[in-house]
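Dear colleague,

Please find below the structure that I am handing over to you. My findings follow it.

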Amino acid sequence: MPSGPEADFIVVGAGSAGCVLAARLSEDAGSRVVLLEAGEMRRSPIYTWPLLQGFAFSNPASNWGYETEPQAQLAGQRLAWPRGRMVGGSHAMNGMLYVRGNRQDYDHWRQLGNRGWGYRDVLPYFRRSEDHERGEDAYHGTGGPLHVRGARRSNPVFAAFVQAGVQAGFPENPDFNGAEQEGFGTFDFTIRKGLRWTTARGFLAPALKRGNLRLETGAQATRLLFEGRRAVGVAFRQSGRDVELRARREVILAGGAINSPQLLMLSGIGDAEHLRSLGIAPLHHLPGVGQNLQDHCDAEIDTLCTQPISVVDRLQFERATADVLKALLLRRGPFTESPMEAGAFLRVDPAAAAPDCQVHFKPFAGRFKDARLRLPFRPPNPARGELSAISLRVGPIRPESRGELRLRSADPFAHPAMDPRYLTAPHDMWLVRESLKIMRRVMAQPALAPFRGAELRPGAAVSTDAEWEDYIRANLLTVHHMAGTARMGADPMAVVSDELRVHGIEGLRVADASVMPTLTSGNTNAPTIMIAEKAADLIRGRAPPPPAEHI
């Protein structure tokens, strides 16, 4: 097996976290850093123009193509779990929403015994990354590698949705990442000059100009290398060859909630009995690896739209051509904007201390990747599935259901078995059901009357709790926020410490969404970037920034 040259640090996975880590670690000129990525660099328009995000999800060349185990609460359905297999990871194909979560998420992490992870501790790391177009204040930063902008609201239906929420009795919120999270408003996005802005572009691309950082693509890690209980390198497959690369200082896993625990188990770190059953010699019994799997889930209400403002309407040839030209020449228009600009965070359970439900509002129904360009002046044809529609996706943001990830075999190229066990906690079902009822009330408000047609799904016939629950079981969706499978903590089921070191192993850390003890309240990309920023300081031995004051 060929051996590659040594590095000080090896980072496994060039997704949201890995790109940040590689860039920050390479700021020290005396450190040699190698970043391993199983996928390739992708430059197709589907990964750059914001409106085309749905097509990126369906491209097998850049998608791991994961699928859950049959879900008992969903009549045995398997749900597709798209994850990015390319430089940039899932950030290169996600919805670009920049949502930090609620301050109580991080204070809860600290209360669980994770020092330095309270809201006042992590807010400076969020601010450090940001170059926010709204300018610098107590909650936002400028000058960082990650460009963040607000919604453009060029589609009038977004403003109507926010107004409908206010008419239904909820507050309007101008900044979900500010002092309060609750209310109706528009999201922030990682978009710059009309193009998707990932950590691969903002952090990694400039850092690759340094002579001490090397990116290896098409390099899928197969196992970790050890001397005793110290990680000293990574074995990977590249261009059909098996290669070993040694790390003088540390190996950092940044493959996400699926790939990081999978690599730990393949390397003998996990539940010893499970590993032995697959012929893997246990190196260290760590039963929490792969446990605590969490994901956000939701369900939709779809309504016909009576005005030609949906994404499907814009796919008429002459309109789409004009939109493309506007995007290319001016970096403006629908192709440069997210199709999910508006949403809400609601407190559905009166006993909840913080919002417990997130809403995504979008001017299309179903799967955007199924949409097709139409001939000039031809309106949408419902018989072909071309529906001018608006849709609400809603679900719990602090789910109580917990699942697990386990290996199917010792083959590093076989997908693991992923069982999120959606809705096994009764409160999760209650939240989805009750939030859908609230959204039906919001959809009925006067502000949406100019756009509102007949309800397509679930339809007016669904009204009782039992009918709602049947609909939910048949139509539940993942929000693609897998987390928690290498969670941070000090108890016997924790995988990493609050310094992100793997318990019982030297020279090995995990720094991605898998370390989250509990899911953050909302989209997980921004928190994952924060985790990587903090991890870089921990690894470099740098003092953390002073905790945020007066917030």
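Helix 1 (residues 16-25) packs against helix 12 (residues 525-540) at an angle of about 30 degrees, and their axes lie 8 Å apart. Axes here are lines fitted to C-alpha atoms, for helices over the stretch in contact, and angles run from 0 to 180 degrees between N-to-C directions. Helices (H or I, at least four residues) and strands (E, at least two) are DSSP runs, numbered from the N terminus. Helix 1 and helix 12 are therefore roughly parallel to each other; angles under 35 degrees count as roughly parallel, over 145 as roughly antiparallel, 65 to 115 as roughly perpendicular and the rest as oblique. In helix 1, the residues Ser16, Ala17, Val20, Leu21, Arg24 and Leu25 meet residues of helix 12, including Asn525, Thr528 and Ile529, where contact means heavy atoms within 4.5 Å. This contact of helix 1 with helix 12 divides into 9 nonpolar, 3 polar and 3 charged residues. Ala, Val, Leu, Ile, Met, Phe, Trp, Tyr, Cys and Pro count as nonpolar, Asp, Glu, Lys and Arg as charged, and the others, Gly among them, as polar.

The model is predicted: local features need pLDDT of at least 70, side-chain atom pairs count only at pLDDT 80 or more, and totals for chains, interfaces and linings use all residues. Residues are numbered from 1 along each chain as its sequence is written, and side-chain values use heavy atoms, with hydrogens and water left out.

Helix 3 and helix 4 (residues 119-129) pack at an angle of about 125 degrees, with axes 8 Å apart. That makes helix 3 oblique to helix 4. Arg103, Tyr106 and Asp107 of helix 3 meet Tyr119, Val122 and Phe126 of helix 4; by class, this contact has 4 nonpolar, no polar and 2 charged residues.

Helix 3 (103-111) also contributes to the second largest pocket, giving the most to its lining, with 3 residues. A pocket is an open set of points on a 1 Å grid over the protein atoms alone, where a 1.4 Å probe fits, with protein on both sides within 12 Å along at least five of seven lines; lining residues have an atom within 4 Å of a point. The lining has 18 residues, of which Asp105, His108, Arg398, Pro399 and Glu400 lie nearest the centre of the pocket.

Two backbone details remain. A cis peptide bond joins arginine 457 and proline 458, with omega about 0 degrees. Methionine 96, in the loop between strand 4 (80-81) and strand 5 (97-98), has a positive phi near 65 degrees.

Yours sincerely
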